[in-house]
Each structure stands twice: as structure tokens, then as C-alpha cells.
Amino acid sequence: MEILGSLTILNTFTLAELEVGEHFLWKIGNYTVHGQVFIVSWIVIGVLLIASLAATRNIQTVPGEIQNFMEYALEFIRDLTKNQLGEKEYRPWVPFVGTLFLFIFVSNWGGALIPWKLIQLPSGELAAPTNDINTTVALALLTSLAYFYAGFKKKGLGYFKKYIEPTPILLPIAILEDFTKPLSLSFRLFGNILADELVVAVLVLLVPLFVPLPVMALGLFTSAIQALVFATLAGAYIHEALEGHGEE
Amino acid sequence: MFDFDATMPLMAVQFLLLTAILNAVFYKPLTKALDERDAYIRNNQATAKESLAKAESLVKEYEAQIAAARKESQSIVEKAQAEAREITAQKTAEAQKQVQTQKEQAAQEIQQQKETALATLEQQVDSLSRQILEKILGPELVK
């Protein structure tokens, strides 16, 4: 990324520059963590917590503005989970799937809408936490754990029957699925968000004003869709683990 | 780009914490609020339906009462009319009877008076004819 970095020096408007692969590293014992990811994720979490607390601090039968908004969000999440998991099973999974959606959505939009460039870090740059592969893999692995947990809790060891259920021939593919699911989940989200930020950054480098705006709008759209896709797929995987093959 | 480090497990833990906290401050209370509102609306609807049914049955009852009262009043009116007719007929008959008796009485009286008149007339005829004879023949001859 050095070539692009040298381009920014020529550019007098440094509204955006590309620093992919550079991190604001913190050291905890022998381990390093990406500080910029955590800073933004804390802001995201803060936004979610403040909105939730503001909505539930004084719950009324006839909701006020913020309560109404959060109820709308909750109903959206409940519908999403219900569509995937079915009327009977969806309730205990609403918090997990819903938090996936809210966290990814607020992260994506926060990364796209807040001018992080105005805050300088010693190295790396602030951006959506979801454009770091660590975040997306963490979420994807949690999804895997969640659907394994759902399957084991419902059927015990009988959950493994689904690997050989229609026919044992498909066993390798069934096992492979458990690896491709988190892989595709994490890379889809990571790739979309990072690519969107890169496209916007490159366009801003080339034509600083107005031209990147449609791409930014498209980016907002993609971000929302990606959050929806991640949550929907998580719900679908959990549903699959709960139902098993050929047991509809 | 693909540098994994401690960010990943920490992010996972952080996310689980977020899920737990949001469950406590967001999902649970708001779900409860939504369910309570659902129950409240359902209850209200049920009571409203009940009172509507009650009102409808009351209306029906009142209508039946009105119909009965109307019928009763009609029968009373009819009865009264029949009574009135009867009374008039009776009165008319009585009056006619009275008139008849009066007429008969009058006729009887007339008859009587006629008879007396005829009787007196006969007497007078005798005396008159005697007087005529006297006048014509002279009083000596008549005796």
C-alpha cells in the first residue's frame, strides 16, 4: 500500500487515505490487540447501550419516541428470527441473532457515517470494527458455536446423526459445511465492508468531492444488507441445527 | 490484512458480554412490554366484545318488550273500541225502545182522546139533532 500512501502526500485534501493492514497495536502481556477496532467497537457498544437504556428506562404502555423506535427495532429483529427459526423455537435466540444484527449494523454505519479521519491515531485508522478480519471471524465462530450448542441442547449426541442422515456418502460434505459456514460468513462481511471503504477511499483520492457520494450511499446500502445477511444466515444455521435433515 | 491476534477472542468475549447486557436492558424489558401491550389489547378487545354482545342482547330484550307493549296497547285499544261499540249499540237500542214506547203511548192517548171526542160528539149529535128538530117542527111536536 505504499504507492497509494505516496499518492496521499500529493493530495492536498487528505480527507481519506488508505492504510490497510496497519494497526494501532496494544500489548497485553505477550499478546497484541488491534486498538482501533476496540475503540470503535466500544463506541458502537456505547451507542447500543445508551439507546437501549433510554428506551427501557421508563417503559410505558403508550411508548414515547425513543421507546417506540427501539420497539420497532426489536420487532424487526423478532420477525427476522421468527422467520428463520419458526414460531416455536425463536424466542431464546432473539438476543443472539438480534445482537449480531445490531452490532454489525451500527458498526457498519458508524464506520461509514462518522468522519473518523478527523481523529488521528499514532498508527492505523479508526474505521468500522467489521472491516477487521478478527471481528468478523469472532462473530462467525460464535455463530458456529451457537448452532452447535442449539443442536446439542435439543438432541444431545443425536445431533451427529444429521451428518449421515440422508446418506453417509455425504458425510465429508456435511463436515466440510461446518467449516465453510463460518468461513463464508466472516469473509463475506469482512470483504464487503473493507471493499466498500477501499472503493470510497480510492475515489476520494482520485476525485475528492461529490463523485464518491453515490458510492458512499451504495456503501450504506451494502452495509445494512450485510448486517441483515449475517443475522439471517446465523438464524438459518441455528434453525438447521434444531431441525436436522429430513425432519420437517 | 489477515493478521489474527488476541483481538479475535477478546472481540468474541466482548460480543457475548454485549449480548448478555443487551438481553438484560433491551430484549427482556421491551419484549415484556410488547407482550404486556399485546395482552392488554387482547383483554380490552375481549371485554369490548363482551359488552357489545351484552348491549346487543339488551337491545333485543328491549325490542321484545317494546313489541309486547305495542301488542298489549293494541289489544287494549281494540277492547275499548269494542266496548264503545257495544255501549253505543245498547244506548241506541234503549233510545229506540223508549221512543217506540213513547210513540205507542202517544198513539194510545190519541186513540183514547179520539174515542172520548167521538163519544162527546155523539151526545152532542143527539142534542143537536133534537134542537134541530125542535127548531124545524116546533117544541110541541118533539115531545
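Buried means under 20% relative accessible area, exposed means over 50%, and partly exposed lies in between (1.4 Å probe, protein chains only). Keep that scale at hand for the tour.

This is a predicted model, in which local features need pLDDT of at least 70 and side-chain atom pairs count only at pLDDT 80 or more, while totals for chains, interfaces and linings use all residues. Residues are numbered from 1 along each chain as its sequence is written, chains are lettered from A and ligands numbered from 1 in the order in which they are written, and side-chain values use heavy atoms, with hydrogens and water left out.

**Stop 1: chain B**

Select chain B and color it by secondary structure. Along the principal axes, its C-alpha atoms fill a box of roughly 195 × 25 × 20 Å. Of the 143 residues of chain B, 13% count as buried.

**Stop 2: where chain B meets chain A**

Now show both chains and select the residues in contact, with heavy atoms within 4.5 Å. Chain B brings 30 residues and chain A brings 50 residues. The area buried between them (accessible area, 1.4 Å probe, lost on being put together and summed over both) is about 3600 Å². Carbon and sulfur atoms give 76% of that area.

For one residue in this region, pick Thr19(B), in helix H1 of chain B. Thr19(B) is buried, with a relative accessible area of 9%. Leaving aside residues up to four places away in sequence, Thr19(B) touches Pro95(A), Phe96(A) and Thr99(A).

**Stop 3: charges across the interface**

Next, look for salt bridges: a side-chain nitrogen of Lys or Arg within 4 Å of a carboxyl oxygen of Asp or Glu. Across the interface of chain B and chain A there are three. Zoom in on Asp35(B) and Arg91(A), whose closest N and O atoms are 3.3 Å apart. Asp35(B) is partly exposed at 27% relative accessible area, and Arg91(A) is partly exposed at 43%. Which chain parts does this pair join? Asp35(B) lies in helix H1 (residues 7–137) of chain B and Arg91(A) in the loop between H3 and helix H4 (94–113) of chain A, so the pair joins two chains.

**Stop 4: inside chain A**

Over all chains, the structure holds five salt bridges. One of them pairs Glu89(A) with Lys154(A), with the closest N and O atoms 3.1 Å apart. Glu89(A) sits in helix H3 (residues 65–89) and Lys154(A) in helix H5 (residues 133–155), 65 residues apart. Glu89(A) is buried at 18%, whereas Lys154(A) is partly exposed at 42%.

Finally, select Glu240(A) and Lys181(A), which meet in a salt bridge at 3.4 Å, N to O. Glu240(A) lies in helix H7 (residues 212–243) and Lys181(A) in helix H6 (residues 171–206), so the pair ties together parts of chain A that are 59 residues apart in sequence. Lys181(A) is buried at 5%, while Glu240(A) is partly exposed at 24%.

Definitions and conventions: Buried area = accessible area lost by both parts, 1.4 Å probe. Helix = DSSP H or I, 4+ residues; strand = E, 2+ residues; numbered from the N terminus.
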